[in-house]
Amino acid sequence: MKYEIIIYWSEEDKSFVAEVPELAGCAADGETYIEALQNAQIIMQEWIETAQELGRSIPQPKGKLVYA
């Protein structure tokens, strides 16, 4: 998948968090950076499958996001 994933350490959760900004509410976590990334890939696929089942539109990946 070609969606941007932002991964950061959450001191509060004591885990790495992986967010997918282009897919609203799509996020995962893990004890390691790699685990968070792998979990995010699973959650992205589930997010897309759920959107398809509900007949919702799926955003096209934009690649690198531009921050103001």
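**Entry 1: order of elements**

I began by reading the chain from its N terminus, and the elements run β-β-β-α. That gives one helix and three strands for the chain. I note here that I am working on a predicted model.

**Entry 2: overall extent**

I took the box along the principal axes, and the C-alpha atoms of the chain fill roughly 35 × 30 × 20 Å. I then looked up burial, and of the 68 residues in the chain, 28% are buried. For the surface I found that the chain exposes about 5000 Å², with carbon and sulfur atoms supplying 52% of it. Turning to contacts with a separation of 6 or more, I found that residues 24 or more positions apart account for 34% of them.

**Entry 3: the sheet**

I next traced the strands and found an open sheet of three, in the order β1-β2-β3, with antiparallel pairing. Strands β1 (6-10) and β3 (27-30) stand at the edges and have a single partner strand each, so one side of each is left without a neighbour in the sheet. The twist I noted averages 25° from one strand to the next.

I then went to the pairing of β2, residues 15-19, with β3, which is antiparallel and extends over four bridges. For one residue I looked up the partner by name: Ala18 has Ala28 in β3 as its bridge partner.

**Entry 4: two residues of β2**

Is Val17, which I placed in strand β2, buried or exposed? Val17 counts as buried because its relative accessibility is 10%, which falls under the 20% cut-off. Leaving aside neighbours within four places in sequence, I listed Ile6, Ile7, Tyr8, Ser10, Ala28 and Asp29 as the residues in contact with Val17. I also checked the separation between Val17 and Glu31, which are 14 residues apart along the chain, and their C-alpha atoms are separated by 9.0 Å.

I moved on to Ser15, which is also found in strand β2. Its relative accessibility is 6%, so Ser15 counts as buried. With neighbours within four places in sequence again left aside, Ser15 is in contact with Tyr8, Trp9, Ser10, Asp29 and Gly30.

How does helix α1 lie relative to the strands, and at what angle to β3 does it run? I found that α1, residues 33-53, lies across β1, β2 and β3, and that it runs at about 150° to β3. I checked its length as well: α1 has 21 residues and reaches 30 Å from its first C-alpha to its last, close to the 30 Å expected at 1.5 Å a residue.

Which residues of α1 are buried? I listed Ala36, Ala40, Met44, Ile48 and Ala51. Looking down the axis of α1, I found that these buried residues fall within an arc of 110°, so they line one face of the helix. I then asked what covers them, and the cover includes β2 and β3.

Last, I looked past the end of the helix, where α1 is followed by Gly55, a residue with a positive phi near 70°.

Conventions
Residues numbered from 1 in each chain as written. Predicted model: local features only at pLDDT ≥ 70, side-chain atom pairs only at ≥ 80, totals over all residues. Heavy atoms only, no water. Pairing = 2+ DSSP bridges. Axes fitted to C-alpha atoms, helices over the stretch in contact; angles between N-to-C directions. Contact = heavy atoms within 4.5 Å. Expected span 1.5 Å × (residues − 1). Buried < 20%, exposed > 50% of the residue type's maximum accessible area, 1.4 Å probe, protein only. Arc of directions from axis to C-beta. Areas by Shrake-Rupley, 256 points an atom, 1.4 Å probe, with all protein chains shown as cover.
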